[in-house]
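The following note collects points for a colleague reading this entry.

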Amino acid sequence: MNERFPVIPDQASALARDVDMLYLFLIGVSAFFLILIGALIIWFVFRFRRTSDTDRPAEIHGHTKLEIVWTVIPLVLVLIMFVWGAVLFFKQFRPPADAMEILVTGKQWMWKMQHPSGRWEINELHVPVGRPVKLTLTSEDVIHSFYVPAFRTKMDAVPGRYTTVWFEPTRTGSYHLFCAEYCGAEHSLMKGWIHVLPAEEYDDWAARIDPDLAELTPLEAGERLFTEMGCMACHNPASGALGPNVVGLYMSEVRLDDGRTVIADEDYIRQSIVEPMAKIVEGYQPIMPTYRGQLDESQLMQIITYIKSLE
Amino acid sequence: MSENAAKTENYLNVKHTVASWLFTVDHKRIGVMYLATILLFFFLGGVAAVLFRIELMTPTEMFMASETYNRLFTMHGITMIFFFLIPSIPAVLGNFLLPIMLGARDLAFPRLNLASWYVFTFGGLLGLGAIIFGGVDTGWTFYTPYSSTYANSNVILAALGIFVSGFASIMTGLNFIVTIHKMRAPGLTWFRLPLFVWAHYATSIIIVLGTPVIAITILLVAVERIFSVGIFDPALGGDPVLFQHLFWFYSHPAVYIMILPGMGVVSEIIACFSRKRIFGYHIVAMSSLAIAILGFFVWGHHMFVSSQSMYAGMIFSILSFLVAIPSAIKVFNWVATLYGGSIKLDTPMLYALGFIGLFTIGGLTGLFLATMAVNVHVHDTYFIVAHFHYVMVGGMVMAFFGGLHFWWPKITGKLFPEMLGRITAIIIFIGFNLTFFPQFIVGYLGMPRRYHVYPEEFQLLHVMSTGGAAVLALGYMLMGVYLLYSLILGPKASSNPWKAAGLEWTTPSPPPTENFLEPPVVKHEAYAYTEEDTYRDDAETKGDTHG
Ligand SMILES: [Cu+2]
Ligand SMILES: [Cu+2]
């Protein structure tokens, strides 16, 4: 890569190399067709230039074989592009099961993240090299987009739902983090850095919790919120509780009172908390109060982390 | 009517009063009024672009605050897309030429046509109002919930402007469809139609099917803002991604509203300046329809990282690849048309060839964006910005100016200075590439779009881009100057200065109010460049006005 005039950004994840390969393939195909078309035009313009105003060139109506050739060849090429792109895309967005999860909330105009160890960060994200990291994203207000060019990946942070993105850094160093979705006045300031550390260094870093801030892990914080916010009053696994038992809820099938069944994923659990009337569990009364406005997005994520851990 | 009176009276000089323009139902005059209106918007959008391109020369704030910057790129996008590109070729050249190419006296509904201009202008004024009373800062895409809840600017006024001007599009589209079906001259069968007409037919179908969707969507944004009904804002129980589906359901096909008419223009120009029938005429005509239909099923390629399902993404990806095929076919057929022709590089032809080159780059980079894994990286970066400017400016604007030069003698009855025209075309081509090619590179490097300040390492490419924009602006200004000059002092044009085929060249320049001195009868296919009739021009056959 040319250092003084780079055309390819840093490659800091395994995926980055794969995406660049595909990109180069696309450039190759494009360059071929562009040069072909350009050369033909220039050649024809010279070869068949008008020499006299009385030129009356013969009519050519078309040529079926040629039409077929220049339909089929591009068709085959685009199918290759499609398959290659789709396969890589699935790799890009299917996190491995053992990926470490970091909770990320976008907010006009900053990124807030919480590590599994409980440590918080704003606009800077430390991650270990060589370990898969999965981010669960959401937004407090408008749509933002978490974009790390060096990892060739990006995902929108959408208010009211959870999205995920993952990467496995392959090189230590600091790389740009941008918000890629226009989000208002200071959109271009909603950026930061991804710091890729050697794995042990990351572990040390993450363990350095600020005791004054009493930073809890997302799981501990969620458990505490579950009690403090009074969820226990209705969701106590004891018999006769007003609300359904949430142990083992995550990814189970829930029957609703209108006969539908839904899978209890993160989005469903979130909705049950902020918009309890939207989906009522079969056999229960719609008495759960809404917690919209009482819990911020980070706290919601923590409660969900806690509910997910109950098995 | 005496021969002499017929020769001197035309649609421009029948009456000179302002009222004769404002109340005209002549499609030619309405086309000219549209031309004046959209050029105003083109100018405004261009000024906005120049201002923020200057600002972008430095990575930090130079002379405008973020709020101003955001308003400028929004103003640029809204005016250029809704008030310039969408109406550009259909409402100006289409309006002027379609009836003449069909051998008709006017469009099917002349009053509806006049109404469309008023509606469009009213919509434009609302948009203008939004800008004057403080501006809009949502981007032309109006993504929710930013636009519906958070933005603190004139969203409602701008939304109304777009809503209203949508009706003008629909009126024009309906008018074209009916006219093409019902008002073709005797002998003018479907497969004798010029490709310009086919392109407008396909465009009109998209307009009529798609515009209501954007109109309602944008109205819903206003409704949510005013009444706080939960439609798109999740805090009110709405779905922000729903907006994107609705928006792109129209706005992707809108790309074809903008490019298909350009393809029609290019077909006419290439045929004329190589004196050949368009190679594979039927296939080129049908590919317009294929694009119109397929174009409605690819909107999700704007949303691969929006939380849309991965499987839905796959469907949108493959359909986006398929819609590229008819475009590729057109390009190959145009190039093949040149083969064995008699080629002359006059100004319109330079624009048409420029179109092919730039549109090819735009189309090929579209493949990068249909490729999901690459899209994820370049989505919402300058790569996209470069891509759609290659399609819409390199494609549509080049075609529009090519068409404007080609039919300028017909519309105004005046010739423009040919040499200056050619030089300007080349300046514009160079300026365009200098502006937008660096943006592909800076985009792949990771520069997000709509960034007021940016990391230093991107500065060099931004400076190149701004330099290119200056060249481009110079080209446009030069064009403005010599076209105005030709309007006032240009030599008179004969009926067929380019020796082109097509009914519009058989009538005097400028045409009489009723378009033809005698109702035409069509005996040939379009582009009959082997027929000697085609080359007839009233400058040579003085006194003889009928064919
Ligand atoms: Cu942003
Ligand atoms: Cu699209």
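**Notes on the predicted model**

1. In chain B, 27 positive and 28 negative charges are present, and their mean positions lie 7 Å apart. These values, like those below, are computed from a predicted model.

2. The secondary structure of chain B consists of 16 helices and zero strands. Its radius of gyration is 23 Å, close to the 24 Å given by the globule rule for 547 residues, so chain B is as compact as a globular protein of that length. The C-alpha trace of chain B spans about 75 × 45 × 45 Å along its principal axes.

3. Contacts in chain B deserve a separate remark. When residues at least 6 apart in sequence are considered, 82% of the contacts join residues at least 24 apart.

4. Which residues coordinate the copper ion (ligand 2)? The donors are H252(B) through ND1, H301(B) through NE2 and H302(B) through NE2, at 1.6 to 2.0 Å. Their spacing in sequence is H-x48-H-H.

5. Are H301(B) and H302(B) buried or exposed? With a relative accessible area of 14%, H301(B) is buried. H302(B) also counts as buried, because its relative accessibility of 18% falls under the 20% cut-off.

6. P510(B) belongs to the segment after α16 (459–489) of chain B.

7. For N123(A), phi is near 60°. This residue is placed in the loop between β3 (120–122) and β4 (124–128) of chain A, and N123(A) is buried, with a relative accessible area of 18%.

8. Where in chain B is S307(B) placed? S307(B) is in the loop between α10 (281–294) and α11 (310–338). Although S307(B) is not a glycine, its phi is positive, at about 90°.

Definitions and conventions. Residues numbered from 1 in each chain as written. Chains lettered and ligands numbered in written order. Predicted model: local features only at pLDDT ≥ 70, side-chain atom pairs only at ≥ 80, totals over all residues. Heavy atoms only, no water. Donors = N, O, S within 2.8 Å, 3.2 Å for Na, K, Ca; no water. Buried < 20%, exposed > 50% of the residue type's maximum accessible area, 1.4 Å probe, protein only. Helix = DSSP H or I, 4+ residues; strand = E, 2+ residues; numbered from the N terminus. Rg over C-alpha atoms; globule rule 2.2 N^0.38 Å. Contact = heavy atoms within 4.5 Å. Lys, Arg positive; Asp, Glu negative; His and termini not counted. Charge placed at Lys NZ, Arg CZ, Asp CG, Glu CD.
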